[in-house]
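Here's a quick briefing to read with the model open beside you.

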Amino acid sequence: MTAKLISGIEIAKEIREELTVEVTELREKHNIVPGLVTILVGADPASQSYVAAKNKTAKALGINSEQMTLDVDTTEEDLLKLVEKCNADPAVNGILVQLPLPKHINEANVLIAIDPAKDVDGFHPINVGKMVLGEQCFLPCTPHGILEMLTRSGVETSGAEVVVIGRSNIVGKPIANLMLQKRDGGNATITLCHTRTKDMAAHCRRADIIIAAVGVPKMVTADMVKPGAAIIDVGVNRIGQASNGKAILAGDVDFDAVKEVASCITPVPGGVGPMTITMLMKNTVQAAKMAANLI
Ligand code: NAP
């Protein structure tokens with residue numbers, strides 16, 4: 001293998017160790033235990049497993065984590081009432097409403113109801129606006145995790161040509177914005193590609209860093225990659241089922257071929273995925289410190 005592997009598992013472990021120190025210090029010096037509430041509406045199996053993983057990680061770090069599971073028929077009004085209750089509860093520092101919500105609930109109404117000071121997912125328009133302005137705020141977890149992977153792996157972003165494929169509100173747009181900021185991990189020149197982009201391969205071939213957040217398995221092929229480029233693969237695509245019933249996953253990048261051209265690359269699984277949950281924990285600890293005026 002030519003490319004160095006950027007392991008999300010290893011980097012997430014490093015950050016969790018740092019967080020454990022912070023949580024212990026908060027408890028011992030300030031008598032504070034950060035509190036996270038995750039709200040799940042319905043019983044979508046993927047959402048159930050994401051929420052369970054978030055709770056498990058929080059508890060392992062010493063964060064007080066409570067999962068609230070609501071019936072799939074819960075009204076928007078009742079969900080908003082629960083959000084309000086969590087907003088008013090001083091023991092709750094972070095509120096996460098697992099998306100997607102059932103069709104009869106307007107996601108935007110729910111996200112905007114979360115107190116921006118408890119919006120540990122970083123999806124509230126106030127936090128999105130602050131992020132774009134480069135102000136202190138909760139950063140959305142997946143893009144924040146990507147930044148940590150790049151900086152902790154020593155990938156130079158300043159002056160780099162970065163191609164982001166995918167313009168979703170949760171990955172593509174925020175990572176493009178973050179890498180544009182005038183600060184460490186930023187200062188890049190960004191091209192944001194999507195389904196209307198003409199000749200995406202030509203854009204990719206210019207890139208020092210490619211970030212693929214598309215949802216199309218193995219779409220980024222070796223011929224689209226400049227030798228020595230850094231590759232961040234956000235995609236999680238189920239491409240089959242193993243004999244033990246487990247899903248077979250593939251990223252948006254043709255890993256086996258691209259690793260022979262790139263200088264470094266994230267695997268799927270074990271790449272961006274573990275970072276997302278870890279950055280949620282980092283935001284929750286940050287929220288607890290902010291609530292106690294410690295930062
Ligand atoms: P999304 O909301 O479905 O958006 C996909 C984006 O990709 C859209 O902007 C779309 O363009 C673009 N796109 C789709 N097909 C394309 C093509 N053939 N050529 C160029 N652009 C194309 O996706 P998302 O929520 O950002 O997720 C993307 C992937 O990342 C998924 O596999 C998801 O499971 C994964 N993901 C992983 C994590 C993690 O923690 N590891 C977190 C979030 C997402 P248009 O806007 O023009 O339609």
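This is a predicted model: local features need pLDDT of at least 70, side-chain atom pairs count only at pLDDT 80 or more; totals for chains, interfaces and linings use all residues.

Helices (H or I, at least four residues) and strands (E, at least two) are DSSP runs, numbered from the N terminus.

**Domains**
- The protein chain splits into domain 1 (31-115) and domain 2 (141-273), with bounds that come from an automatic or database domain assignment.
- Between the C-alpha centres of domain 1 and domain 2 there are 29 Å.

- Three strands make an open sheet in the order 3-2-4, with parallel pairing; two strands pair if DSSP finds at least two bridges between them.
- Strand 3 (64-70) and strand 4 (94-97) are at the edges with a single partner strand each, so one side of each has no neighbour in the sheet.
- From one strand to the next, the twist averages 15°; axes are lines fitted to C-alpha atoms (for helices, over the stretch in contact), and angles run from 0 to 180 degrees between N-to-C directions.
- Seven bridges link strand 2 (residues 35-41) and strand 3 in the parallel sense, and Val41 sits opposite Leu70 in strand 3.
- Helix 2 (residues 45-61) lies across strand 2, strand 3 and strand 4, and runs at about 160° to strand 3.
- Helix 3 (residues 76-88) also packs on the sheet, touching strand 2, strand 3 and strand 4; contact here means heavy atoms within 4.5 Å. The direction of helix 3 makes about 175° with that of strand 2.

- Strand 7 (residues 209-212) and strand 8 (residues 230-233) pair in the parallel sense over four bridges. Ile211 has Ile232 as its bridge partner in strand 8.

**The ligand site**
- There are 20 residues around the ligand, and Arg167, Ser168, Thr195, Val236 and Thr276 come nearest; a residue is near a molecule if one of its heavy atoms lies within 4 Å of it.
- Looking at N or O atoms in side chains, an oxygen atom of the ligand is 2.7 Å from one in Arg167, 2.6 Å from one in Ser168 and 2.4 Å from one in Thr195.
- The ligand taken alone exposes 930 Å², and the protein buries 67% of that; accessible areas come from the Shrake-Rupley method with a 1.4 Å probe.

**Ile112**
- Ile112 has its place in helix 4 (residues 107-113).
- Leaving out residues up to four places away in sequence, Ile112 touches His124 and Pro125.
- Ile112 and Phe255 are 143 residues apart along the chain, and their C-alpha atoms are separated by 38 Å.

- Most residues other than glycine have a negative phi, and most peptide bonds are trans.
- Asn187 isn't a glycine, yet has a positive phi of about 60°.
- Leu99 and Pro100 are joined by a cis peptide bond, with omega about 0°. You'll find Pro100 in the loop between strand 4 and helix 4.
- Val268 and Pro269 are joined by a cis peptide bond too, with omega about 0°. Pro269 is in the loop between strand 11 (264-265) and helix 10 (272-291).

Terms used
Residues are numbered from 1 along each chain as its sequence is written. Side-chain values use heavy atoms; hydrogens and water are left out. A polar contact is a pair of N or O atoms within 3.5 Å; within protein, one must be able to donate a hydrogen and the other to accept it, and residues adjacent in sequence count only if both atoms are side-chain atoms.
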